[in-house]
Structures are given as C-alpha cells and as structure tokens.
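Reader: I would like to learn how to read packing and contacts from a set of coordinates. Can we go through one case step by step?

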Amino acid sequence: LKQIHEKGLLYKGYKVVPYCPRCGTALSSHEVAQGYDDVEETSAIARFIVKNRPNTFILAWTTTPWTLPSNIALCVNANAEYGEYALDGETFIMAAELVDKVLPVDAELVRKMKGSELVGLEYEQLFRAGAVPEGQQNRVVADDYVTMEDGTGIVHLAPYGEDDMRILKLESLSFRIVVDAQGRFTDVTPWPGMFVKDADEVILNDLETRKQLQ
C-alpha cells in the first residue's frame, strides 16, 4: 500500500454506497438483500425558477424530496423533445411526451426544443444550504439515463445516487453534502438534527407555501 501511495495511485474521493445511518457504516450488497422491503415513497414535482425569468419554471420530478436541499443540477435527455408551456401567466419547461400527465389540458405550447438546447440553462436554488463555488451549480445538463417513462423528463441531481454522482463528476460540478453520518440534516439547513426521511413532508410543505411545488 505504501508503494502504491508513493506512485501516486491512491486518491481520496466520494463513492455512493448502501449505508446504514443507525450503524453509521456502509453496507455490502448481501447485507442490503437480507433486509430488503418494498416501501412507498412520496414523489413530487418541484418548480425551479429559471434565472432572470421569475415566472418561468423548470419542472423536475423526484421520489426523494429530502435530497432537494442538496440539488446541484437538473438533467434532461439531449435527444428528447421538450417544450415551454404557458398557463395562468406562468411558463413551464418539461418533456413534451409527458405534458398531458402533468399540466392541465389548457396549457398552451409556446415553443418546442431538443433537450440539448436546454443544456447550460441556469436556475435558482430551491434552498440555501451550504456553499458551492460560484458558477459550478444550478444549471441544466444532459445524460441518456433520463427516460420518458415517468415524471417530467427532467431529473434533479444530488450527490446521493450513483447516476447523480457519475454525472456530477463528468460535468466537473462541485456538490454539497448536508446530511451527517446519522442521516440527519446539518446546521447549514433550516432543519438541523432532523432525520432525512422525517423531513420529506416538511420540505414539501415549505415548497408548497412558496408556490414551488407543482
């Protein structure tokens, strides 16, 4: 190990692994399989405000609301078709293929574009939680893993999922981890000490109050 280190072949970094907050340790795939259960999760569609366009929102779907304070980027499929839709004085950006499942029938199509045309579009953070270098977060990126099966065709990225971490590294994006080893939010969030799964409802209520929940 010393020789490997001296050759510069060791580095310190992050990797997404199964983790037990009760034990404070990573888990093997065999350990996870021993306690596998089907559970119901609360999904949500968050409204991310496009920068310098206060009444224009990017609609992104998530099944893990507790990860929203750690959002770094939004991900589209570069080859899929997206649209801007006007409704009640507001404009919404999402996948054209899924619009009938998300927006009312009277939503008016303003324009269509490929996902690749959305790449680089900047938006405002949902929550102020921790510092990230200026210019390295809060923009749209693209990856083929985004599908048109569910949600809005736009996925929010935070450093807790394998695909999320892979894309953040590819895009050279810095990220914030606002959860401690016991699975509780740190004091850079509005909910210090709260267990993340207990925070789902609190976070969604906060977004709804601010009209940033679809």
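Reader: Are Phe48 and Tyr123 buried or exposed?

Author: This is a predicted model, and in it both Phe48 and Tyr123 are buried. Burial is read from relative accessible area, with under 20% as the cut-off.

Reader: How are the rings of Phe48 and Tyr123 arranged as a pair?

Author: For two rings, read the distance between the centres and then the angle between the planes. The centres of Phe48 and Tyr123 are 5.2 Å apart and the planes stand at 80°, so this pair is edge-to-face. Phe48 belongs to strand β3, while Tyr123 is in the loop between α4 (115-118) and β9 (139-142), so the pair ties together parts that are 75 residues apart in sequence.

Reader: How many aromatic pairs does the structure hold?

Author: There are six aromatic pairs. Another of them is formed by Phe185 and Trp191, whose ring centres are 5.4 Å apart with planes at 50°, so that pair is tilted. Phe185 has a relative accessible area of 2% and is buried; Trp191, at 10%, also counts as buried. Ring pairs join Phe185 and Trp191 with Phe127 in a cluster.

Reader: Which charged end sits over the ring of Phe127?

Author: Here one reads the distance from the charged end to the ring centre. The charged end of Arg210 sits over the ring of Phe127, 5.0 Å from the centre. Arg47 is placed likewise over the ring of Phe57, with its charged end 5.0 Å from the ring centre.

Reader: Which residues of helix α6 are buried?

Author: For a helix, list the buried residues and then ask where they point. In α6 (residues 200-209), the buried ones are Asp200, Ile203, Leu204 and Leu207. They cover an arc of only 95° around the axis, so they lie on the same side of α6. Turned away from that buried side is a face with the exposed residues Glu201 and Thr209. The cover over the buried residues includes β3 (44-49). After α6 comes Lys211, with a positive phi near 60°.

Reader: Where is His156, and which side chains make polar contacts with the side chain of His156?

Author: His156 is in strand β10 (residues 155-157), and its 4% relative accessibility makes it count as buried. Its side chain makes a polar contact of 2.7 Å with the side chain of Thr67. A second polar contact, of 3.0 Å, joins His156 to the side chain of Asn71. Beyond four places in sequence, the residues in contact with His156 include Phe48, Trp61, Leu74 and Asp164.

Reader: What lies 3.4 Å from a polar atom of the side chain of Arg139?

Author: A polar partner may be a backbone atom as well. For Arg139, in strand β9, the backbone oxygen of Glu171 is 3.4 Å from a polar atom of the side chain. Leaving aside neighbours within four places in sequence, Arg139 is in contact with several residues, among them Ile72, Leu121, Tyr123 and Leu173.

Reader: How does Ala78 count by its relative accessibility, and what does Ala78 touch?

Author: Ala78 is in the loop between β5 (73-76) and β6 (81-87). Its relative accessibility is 23%, so Ala78 counts as partly exposed. Not counting residues up to four places away in sequence, Ala78 touches Lys114, Gly115, Ser116 and Ala142. Thr91 is 13 residues from Ala78 along the chain, and their C-alpha atoms are separated by 21 Å.

Methods: Residues numbered from 1 in each chain as written. Predicted model: local features only at pLDDT ≥ 70, side-chain atom pairs only at ≥ 80, totals over all residues. Heavy atoms only, no water. Helix = DSSP H or I, 4+ residues; strand = E, 2+ residues; numbered from the N terminus. Buried < 20%, exposed > 50% of the residue type's maximum accessible area, 1.4 Å probe, protein only. Contact = heavy atoms within 4.5 Å. Arc of directions from axis to C-beta. Phe/Tyr/Trp six-rings, centres within 6.5 Å; stacked < 30°, edge-to-face > 60°. Lys NZ or Arg CZ within 6 Å of the ring centre and 35° of its normal. Polar contact = N/O pair within 3.5 Å; in protein donor to acceptor, adjacent residues only side chain to side chain.
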